[in-house]
Amino acid sequence: METTTSTLAPDATASAAAAPPARRSNLLRRLGGFGPSGLLGLAVLLFWVLAALLGPWLLSHSMAAAGTSNVFAPISAAHWLGTDYLGRDMLARVIEGARYTVGVALLATLLASGTGTVLALLAAASGRWIDAVLSRGLDTLTAIPSKMFALIMVAGFGSSVPMLVVMAGIIYVPGAYRIARSLAVNINALDYVTVARTRGEGTLYIMLREILPNIAGPMLADLGLRFVYVVLLLASLSFLGLGIQPPVADWGSLVRENIGALAMGGASVIVPALAIASLTIAVNLVIDNLPGRSARERGAR
Amino acid sequence: MGAPLTVQGLSICAGANTLVDNLSFSVQPGEVLALIGESGSGKTTTALALMGYARHGCRISAGRVQIGDTDVLALDAAQQRSLRGRTVSYIAQSAAASFNPSRTIMDQVVEPTVIHGLCKRAEAEAKAVQLFRELALPDPETIGARYPHQVSGGQLQRLMAAMALIGDPELVILDEPTTALDVTTQIEVLRAFRRVVRERRATAVYVSHDLAVVAQMADHILVLRNGRMSELNATGQILAAPADDYTKCLLAAARPAVRASGQASGDSELLLDVQELSCGYGAVDAKGQPAKIILEDINLKLYRGQAIGVIGESGSGKTTLARAVAGLLKPCHGTVMFDGHALEPTLQQREREQLRRIQIVFQMADTALNPSQTIWRILARPLQFYKGLRGEPLKRRIHELLDLVKLPHTVADRLPGGLSGGQKQRVNLARALAAEPDLILCDEVTSALDTVVAAAVLDLMAELRRELGVSYLFISHDLHTVRSVCDEIVVMQHGRKLSQVARADYERGPHHPYYQLLARSVPELRQGWLDDMDRAAAAATPSTRKALA
């Protein structure tokens, strides 16, 4: 709790320049709205985001990544999280991997949810054949198993970082589309959308102004869940050797590389697995405890 | 059979708010007490507390509720559970939402006796059939085998009464049991309820916002306002000589008031001319006829400044007519002439100027206003869209509109969720007025509002019509409302126009029998109205009654 307030403090002072004290207390109040488990999630999430952003800078200060003969070393003062199968420091490897896991997953999730939401809004607001074409088209995509699809994509285009982002994005568009569409179709039938339509508003206005703000809450919750799916997909692809390629590694590849530690009793296989678990749980804690998610429906301001 | 009910110092809180404040009253065995008040006055909260129940987030903080010899609030949860459905039973507003759609009616009606182990299943069923007969349900022997969707709304409401009465409760709570029904159905249900309550000498608490209905049912009336008792007295006394100001206000709102138009129809120009209009839903066949015809051959003339009421029961096609005029539904036959020009059948084909001149106001203010937009944005949009207003003129116009509908300027920054039902309906009207339309289609604009609030909205609409000269096509199921604002009434049934009655002829006959049935079914604000109706119905020969139904 202490860490989160202190890390966010510079943010608050920066915005305080624009609108003095009210803004600051507002931010603190919103933070309080997360509740204890939400704040815990927020702290863990911030930790990993900072690790991803500051990782290279931190690592240049610390010990060289070069290996020693000391493979699968247990946790010690020299190597806080032990060493991997080449004797490299595990802490450095995990922090380096955060960049790929958090970065690629975040981009892919935004891509999937963004595309899915936009297509869903288009389908709901224009209806008729556009809806039919989009829905059936994306249903077809759902029919292809995601691992199989990833395998084909990697075989065809190699496994560069942009390719992984696009691939994970495509795999998760249909799910986001389905949810956004069912929400949007319900909103579309409400009287205020009908009123906008009788006013002569265009499809774009109805999509963005009338429908989108009212499905944003649930879609945000869905974004969090989808992020978890993407992290797990990337981890499992890396485990299969199809994801991020050595020598760099995301957390999934770290688990695979160090699978031998299971027999040796080293910490190096458990640590990246725990990192994956902590990130996914943290994201869900944050999303579940988003303050004021339903406040609007209750009429709060 | 009924037991006396005594309530002393009942208070119910939700967090720091007091919903019901120190309420005391008593009901003698076999008497009916009505709880009346606007929404949010604590009627239902009080009624539920009589069973020892508080809704989620609420807490019964003080007081005593005594039914017969039982102190309800002193019982533990298990004892209260055995009390409910046996000693006290509850009839909710929406029977459709209270029945399980996947079980037969009989299963659900005898459920209280099964849960409490009162008698054998066969005995319970025999008793249920007896109750069905008392409640004047059709086919009492076999109706129990049906599922809830196979009976009408009015029948379902009576079946719920049977469910409540099967355990021979000492106290029956009826919570707005007829509010969701059409007038013609309401009268039958009221009749059945009253007979059962009288014959069984049950003690009853009747919750309602409709004084005219309550006047038929209750021996005493308790007027609630903001959780406090405004007045408690015998029904006759309340109706004849109310002591409290708020009671007077309620009575005034419930009495029909004619709101003059100030405009004579006929000598002004023809604004809307609906010619041979037919509409329907579903797939269109080779002859251009849709699968289900909703409207057939409607002809209607509306002159500038006139207000025409369209009335009929649910399913009569009233709303479809408004949708066709607005361009939301493409007619399969006929034309809509507006100010001398034929309107295109669909919205996309109409010009912006045509769209501006016809605005629509919906029934449910909750769904008619976008919950994520402030009132400012809701009102600004039509002004920007049609007139391109911005900056200072926009601000001035929004303030003008808020003044026009009598809302303070401060609501502009709020979201719809922070407004009351009446305020939302005013915003709804203001948005329509922002377009400066010639015609406003009003779809049941007051149905979701309390009597006092609805009366204020109707006053406002009449005033706007006088000042701005807008015309209304006023759709409602409530003859009382329509008569008070409209110059002419169009009566619809099963998608057809039955007759058109001018204001001057409201009280004079002869009218179409269906109009007369509707007119007679509106409860009058006096005691004994329902008895008179019963006598009239008994006098009428069965054949004419059948013809009316």
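Leu31(A) lies in helix α2 of chain A, which covers residues 20-32. Helices here are DSSP runs of H or I with at least four residues, strands are E runs of at least two, and both are numbered from the N terminus. The model is predicted: local features need pLDDT of at least 70, side-chain atom pairs count only at pLDDT 80 or more, and totals for chains, interfaces and linings use all residues. Residues are numbered from 1 along each chain as its sequence is written, and chains are lettered from A and ligands numbered from 1 in the order in which they are written.

Leu31(A) has 17 other C-beta atoms within 10 Å, so it is partly exposed. Buried means 20 or more such atoms within 10 Å, exposed means 12 or fewer, and partly exposed lies in between, with C-beta atoms placed from the backbone.

Chain B contains an open sheet of six strands. The order is β16-β17-β18-β13-β19-β20, and the pairing is mixed. Two strands pair if DSSP finds at least two bridges between them. β16 (358-361) and β20 (496-502) of chain B each have a single partner strand, so one side of each lacks a neighbour in the sheet.

Within this sheet, β13 (residues 307-311) and β19 (residues 488-493) of chain B run parallel and are joined by four bridges. Gly309(B) has Ile489(B) in β19(B) as its bridge partner. Strands of a sheet pair through backbone hydrogen bonds, either parallel or antiparallel.
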